Amino acid sequence: INAEYGPEDQLEILQENLIRSHAAGSGKPISVEQTRRLLILRINVLAKGYSGISESVVQSLVDGLNNSCLSYVPSQGTLGASGDLAPLSHLALGYLGEGLMWNPKTSTYENADEVLSSFGLPKLKLGAKEGLSLINGTGFICGLGAEALFLANQLVEQADVIAALTLETLR
């Protein structure tokens, strides 16, 4: 299956180019924790087996996660409701050995190819439809929404404590 997206002998390069062309975000990177959350959400969706992605690609993402090798994902460039093509493309780009990737040994972003090599992780080799599978979804906005909900719940709990203390003081 190649979703009628180019000739058979060019499937890998076409999938890589799809990711490259959509990696058009800008700004400072999202936090390492947010990137980790995004990668976990992406792995969860892909592991269900409905996207046509190979087990080896999902395993490569899991290995990257387990080693805390996380792609540089810019904070700006998504529309959310129509899909998170730019941030998910940046997430995938690092695992192709391109762009920047978090190196947990130095706690800095470095050349993705060098980070993958230093941890013995292979670069992704994509087959038909796999580039699209990696970037099609709303994991970025879902992750930010989950974080916002968690923080909002913390604020509600703090507001309850403040209200109780205020009432106790006014007695």
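**View 1. The bridge between Asn-103 and Thr-108.** Asn-103 has Thr-108, in strand 5, as its bridge partner. Strand 4 (residues 100-103) pairs with strand 5 (residues 108-111) in the antiparallel sense over four bridges; two strands pair if DSSP finds at least two bridges between them. Helices (H or I, at least four residues) and strands (E, at least two) are DSSP runs numbered from the N terminus. The model is predicted: local features need pLDDT of at least 70 and side-chain atom pairs pLDDT 80 or more, whereas totals for chains, interfaces and linings use all residues. Residues are numbered from 1 along each chain as its sequence is written, and side-chain values use heavy atoms, without hydrogens and water.

**View 2. The turn of the hairpin.** Four residues lie between strand 4 and strand 5, which form a hairpin. Ser-107, in the turn, has a positive phi of about 55°.

**View 3. Helix 1 and its cover.** The buried residues of helix 1 are Leu-11, Leu-14, Gln-15, Glu-16, Leu-18 and Ile-19; buried means under 20% relative accessible area, with a 1.4 Å probe and protein chains only. Helix 4 (85-95) and helix 6 (130-135) are among the elements that cover these residues, contact meaning heavy atoms within 4.5 Å.

**View 4. The side chain of Gln-15.** Gln-15 belongs to helix 1 and counts as buried because its relative accessibility is 2%. A polar atom of its side chain lies 2.7 Å from the backbone nitrogen of Gly-131. The Gln-15 side chain also reaches the backbone nitrogen of Leu-132, at 3.4 Å.

Key
Buried < 20%, exposed > 50% of the residue type's maximum accessible area, 1.4 Å probe, protein only. Polar contact = N/O pair within 3.5 Å; in protein donor to acceptor, adjacent residues only side chain to side chain.
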